[in-house]
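Reader: I would like to go through this model term by term. Please give the grounds for each label as we come to it.

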Amino acid sequence: MRSPLLEIRNLGVEVPVPGGGAAAAVDGVDLSVAHGERVGLVGESGAGKSLTTLALPNLLPPGVRIRPGSSVRLDGRELVGAPTRDLRAVRGKRVALVFQDPTHALNPALTVGSQIREVLLVHRGLRGGEARAETLRLLSEVGLPDPARTAADPPHRLSGGMRQRACIALALAGEPDLLVADEPTTALDVTVQARILDLLVHLSEARGLALLLVSHDLAVVSRTCHRVAVMYAGRVVEKGPVKAVLERPLHPYTRALLAARPRLTGPRTLPAPIAGSIPAPSAWPTGCRFHPRCPDALDRCRREAPPWVGLSPHRATCWLHWEPGGGAS
Amino acid sequence: MTAAPPVLEITGLRVSYSDRRRGAHGRFTAVDGVDLTLARGEAVGLVGESGSGKSTLARAVVGVVPVEAGEVRAGGEDLGLLRERDPRAAARRVQMVFQDAQGALDPRQRVGSALGEVLRLHDGSVGSEGADAVAALLARVGLEESHARRFPHQLSGGQRQRVGIARALAVEPDVLILDEPVSALDVSVQAQILTLLDGLRRDLDLSVLLIAHDLAVVRNVCHRVAVMYRGRLVETAPTDALFAAPTDPYTRALLDAVPRL
């Protein structure tokens, strides 16, 4: 069997704590993405989703570091501890990132075309007429109606949705194997969001591109991905095929996220809020980290970290589903 | 028996901007003849994409952008005239909450002091009476007394949005207009804010105009929904009817776009 494109093992990311020291904002995450596979990473703000994705090509902000013992492999090659030169070759070329706010991801002083041509030169050695032709091809591939005009425009001339398409074109310029998209549609209208998500699925299928999609919204992932991992307080608490996780969620946190989503069908009841918020990494609760917000918490949940339960590939870390000698493995 | 006049009655509202891309005297009509009424205690959702004119409509109602034609009446009175004569009375009729609570709050002012200022202007409560009023206001929106000592950047997005709502409530308005109050928030926090709004509407007999681009957001809290497209209302209907049988193709397109579980 071919090894996964991306394999994260026991990833820990430490952030500085006010008053000194460090806390693990990402704490032992395992996650893999196969070639051409689309995986969603879901959770609330503060779950550690973005730090996980930034750790892949080591784009972490100053003061934030990857914990010893972490492993991030791309096609079997270890990236943790790799020389900066090697990481630079990975970023943009093998792994490309698309962020929530397309305005800040583009240089406001340069035309869209010149930013794409720069990537084409650096990663693929294309210049002159060849680079210009490839730029137009990319802009048209992401569904921009008038590529020649868009290439000549500075980013501020474009609408939010068009800007995000331009960012995707820029990400594709290095012909990556993996596209990491962090809340790529959160700042956009639902109609534009739907079209951008459809574009990501189309690109993934047409190019065999793998996608790691970060979102706070399970519905966004349901429209887009094959598998999903739900993160809470620095850990993955449930993972599995999207359909299985959405139809039979095992973890109370996943159930709570589903209940919080306003529905278009069924009885017109208010979405159920999840009380409170994820605590800071320096104050992760003992036992199951979700227990202070969990309506079903047992005594044991407060004391002991829960084991993985459920049948592979759909699994969760929760005491509620644990049977002695059974569910845990 | 004569019914009380609606708390908000918008008739033939038109707002336009100068737009030089349309020639030297070119204008862009952002709101083009909108009629919309809000009864006491009623929640209405105003839904459309960016550029549909929904924010401009709200801004015209609260007097931030000039009305070109048409009327905005509150409790039977012309709101524009009332604003000239007695701005504070006009502020008590309609208050607006913006999407970006961070931008709407002074970063150097503590939450308590910001709310205290509005209360002082509104009913003159000062000193310990003022502090009690601030605490009551914070409790009203589900925050604790200790939040009064925080600066806006020390709050989460959801808490900041609660402070924005508290500030609007300080003057005890009849109508609360909220422009995309949850679109920048996590799904779990969105549900908290929507639940808060629904509770406030019931407890205070408040009328709510909830602006959103996502139809799912308004479905569970609004009695009626108005769909706006290119400056016009293309469909206005009771919520159940609109979701069961949308008549306008644009409404159907908006419904199709909402991601489903």
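Author: P313(A) lies in the loop between β12 (308-309) and β13 (315-317) of chain A. A cis peptide bond joins S312(A) to P313(A), with omega at about 10 degrees. This is a predicted model, in which local features need pLDDT of at least 70, side-chain atom pairs count only at pLDDT 80 or more, and totals for chains, interfaces and linings use all residues. Residues are numbered from 1 along each chain as its sequence is written, chains are lettered from A and ligands numbered from 1 in the order in which they are written, and side-chain values use heavy atoms, with hydrogens and water left out.

Reader: Why is β12 (308-309) called a strand?

Author: Strands are DSSP runs of E with at least two residues, and helices are runs of H or I with at least four, numbered from the N terminus.

Reader: What is listed for E180(B)?

Author: E180(B) has a positive phi of about 50 degrees, although it is not a glycine. E180(B) sits in the loop between β7 (175-179) and α8 of chain B.

Reader: Why is the contact of R94(A) with D177(A) called a salt bridge?

Author: The term requires a side-chain nitrogen of Lys or Arg within 4 Å of a carboxyl oxygen of Asp or Glu. The closest N and O atoms of R94(A) and D177(A) are 2.5 Å apart, so the pair qualifies. The two residues are 83 residues apart: R94(A) is in the loop between α2 (84-90) and β7 (95-98) of chain A, and D177(A) in the loop between α7 (160-172) and β8 (178-182) of chain A. Over all chains there are 41 salt bridges.

Reader: How many salt bridges are there between chain A and chain B?

Author: The count is 2. In one salt bridge, D240(B) meets R268(A) at 3.4 Å, N to O.

Reader: What makes residues of chain A and chain B count as in contact, and how many do?

Author: Contact means heavy atoms within 4.5 Å. By that rule 37 residues of chain A touch 35 residues of chain B. The two chains bury about 3000 Å² (accessible area, 1.4 Å probe, lost on being put together and summed over both), with 57% of it on carbon and sulfur atoms. V190(A), L264(A) and R268(A) lose the most area in chain A, together 27% of what that side buries.

Reader: Why is the largest cavity called a cavity and not a pocket?

Author: On a 1 Å grid over the protein atoms alone, a cavity is a set of points where a 1.4 Å probe fits but cannot get out, whereas a pocket is an open set with protein on both sides within 12 Å along at least five of seven lines. The structure holds 4 cavities of 30 Å³ or more. The largest has a volume of about 260 Å³, the space filled by probe spheres set on points joined across faces, edges and corners. Of its 25 lining residues (an atom within 4 Å of a point), Q193(A), S183(B), Q190(B), H213(B) and D214(B) are the closest to the centre.

Reader: Which element gives the largest share of that lining?

Author: β8(B) does, with 3 residues.

Reader: Which residues line the second largest cavity?

Author: Among them are H251(A), C288(A), D296(A) and W319(A). The volume of this cavity is about 60 Å³.
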